[in-house]
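Please keep the sequence and the model in view while reading.

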Amino acid sequence: MEIKAEYRRETYRNYVIFEEQEEQEEQEEQEEQEEQEEQEERKKQDHRENQENEVMQDVLTTKNKREEIYKIPMLLNNKIPYLLQVQITYLNERARHAYDITSNQAIFDWIERRKIKNKDCEHLYSSVFGVIDACSEYLLDERNLVLLPEYIYYDIGKNNYRFIYYMYYQRDILQQINEISEYLMDHIDYEDERAVLLVYAMYHESKRKEASIDTLIAVFQEKKKSNENKILEKSQKLDESQKLDENQKVDEAQKLDKDKLAHEIRRSEACEMVDEDKWDKENKKNIKEVTQVEQLSDYENTKKEKIVELTRKQLVRRPIMESRLESERLVSKYPVLSYSVVFVTLLVMLIVIMYSIVQGLEAKKLIAVILIVASITAYIGSKMFDPKKKVDKMVPVVEYIKQPVVNALRQPVINTPNQPEDRINMDNNNEFYIKEKTQEVMEDDLSECTQLLSIVAEYSDTDDTLENDNSSNSTNLEIQYVLLPEGDKYKQLKLKEFPFYIGKITDGMDAVITESTISRVHAKITQEDENLYITDMGSTNGTFVNEENIQPHSKVRIKPGDILRFANITYSLVLNE
């Protein structure tokens, strides 16, 4: 079932709204008409049978109504874990479900430019299984959960996932988990081996015909335990290596102490020697030891020089503009046990056939023995080489590729008040001190929630913002559009790449405005066919185009000369000259 959602902002709250579709109503009307026609025909045939059918239909309709009557108060009167709060209203006998998504971001937008790690995957899957358990606990149908990336929401402040329960959705939950796993496959960090193995395992398990929620949970727990065991093994190895290093250091210190004592004893004995012959003999021995040590050091130095020359020759042979790329590739293989079992069975069957030939069996009996042996080997081979027994392994791959042209790093522009020219010319220590202070102010400011404009208006004279001149991070990209601020409080924002995100957090933002009225992820600007569009990302205080408030998650076209306002901060879009 395809669903269409509408986003609205009402009194500083953001809602996503689902309504019953007209197609569904038309189908219901057609079914009702067909039922009425059948009922009229049955009336002509037998009045008594018609009465019984009407009674049965009334029972079915009352059952459906009871289910809806049960689900609605269950959703409205309970705070069900992992589910968004819903408000249900009716207009012309059509249900309207409004879900509160304030301070939440759809994962479709949140991971648009991020690589998902293993922790994120585990958190999402555990939340999905948690909401399924919550539905079973409150006697709700799990098929009505909407597990689409654009309708799964992430609360950045509380680090929780929230889901939508829509009573008319009715989609298979396993198919939805398979689709969300397929979506994650395109966004995971393939350098994280644990994330790759987890997502691929969940994808393949949800695709099996025999799959169920219990089997998916079992696979998830196995992968999670294996990941935890790997982490423990790594930590144990690190501890052991640290202990070995400490023991080696202690042993070396003890050896040094022994050598010092021996050296002091030798010196004392040498001083006590009166006989010059003995003194000369010991000096000769020391000279021989010194010469031996010098010879060893010379040999090691010559050896190192030869190794350096060989490595230089090898480097010269390799192309200069190529770099060595080490990566890993996921390959599914059968275990060694299956190959060994099949090999042993083949040997045994060959021995049986050879023995029967040596014994001189008849042709018919020999053919029967061969057929039996072949059937047994085929059965064992089919069991051993069952695709379910394949094991996923990461195989290392080494490639030499040409070095790409290194582009400038994409760093966010942090908006703060302009600094006077006297403070720009300063030494490196002062710059480092100011950067540390600005980061501390930003962290303290970002920890607070987004303040409403009505509250901030009373304290408009205060100055809590920071801005960083990003001229040192300038790139060679051609910048066509620039956002010019109103007044001298903020600096201009150069739209270098698209999508261009504007918000209060530094993670994933292109422009950071640390005002208390700006939301964590406030808005984004995109480019399609040389046209610019602005989208409000569910901000608290809104985004305005030419003083018109745009609805959350709605895309509005903008052009040079338009005035854009993010909460109480105004910019104008101009061409870069």
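A residue is called buried under 20% relative accessible area, exposed over 50%, and partly exposed in between (1.4 Å probe, protein chains only). At 74% relative accessibility, E191 therefore counts as exposed. The model is predicted, so that local features need pLDDT of at least 70 and side-chain atom pairs count only at pLDDT 80 or more, whereas totals for chains, interfaces and linings use all residues. Residues are numbered from 1 along each chain as its sequence is written, and side-chain values use heavy atoms, with hydrogens and water left out.

The chain as a whole has 12 helices and 23 strands; these are DSSP runs numbered from the N terminus, with H or I over at least four residues for helices and E over at least two for strands. Of the 577 residues in the chain, 33% are buried. The chain exposes about 39100 Å², of which carbon and sulfur atoms supply 51%; accessible areas come from the Shrake-Rupley method with a 1.4 Å probe, and for residues only the protein chains shown count as cover. A contact means heavy atoms within 4.5 Å. Among contacts in the chain between residues at least 6 apart in sequence, 66% join residues at least 24 apart.

E191 is found in the loop between α5 (173-185) and α6 (193-207). Although E191 and K117 are 74 residues apart in sequence, their C-alpha atoms are 9.0 Å apart in space.

Helix α4 (residues 118-137) contains E122 and also S127. What does E122 touch, not counting residues up to four places away in sequence? Its contacts are L198, F220, K224 and N227. E122 is buried yet has no salt bridge, a term for a side-chain nitrogen of Lys or Arg within 4 Å of a carboxyl oxygen of Asp or Glu. The nearest side chain of opposite charge to E122 is K224, 5.1 Å away; here Lys and Arg count as positive and Asp and Glu as negative, while His and the chain ends are not counted. S127 counts as buried because its relative accessibility is 2%. With residues up to four places away in sequence left out, S127 touches Y82, Y161 and F163.

Helix α9 (residues 336-358) holds L347, which counts as partly exposed because its relative accessibility is 41%.
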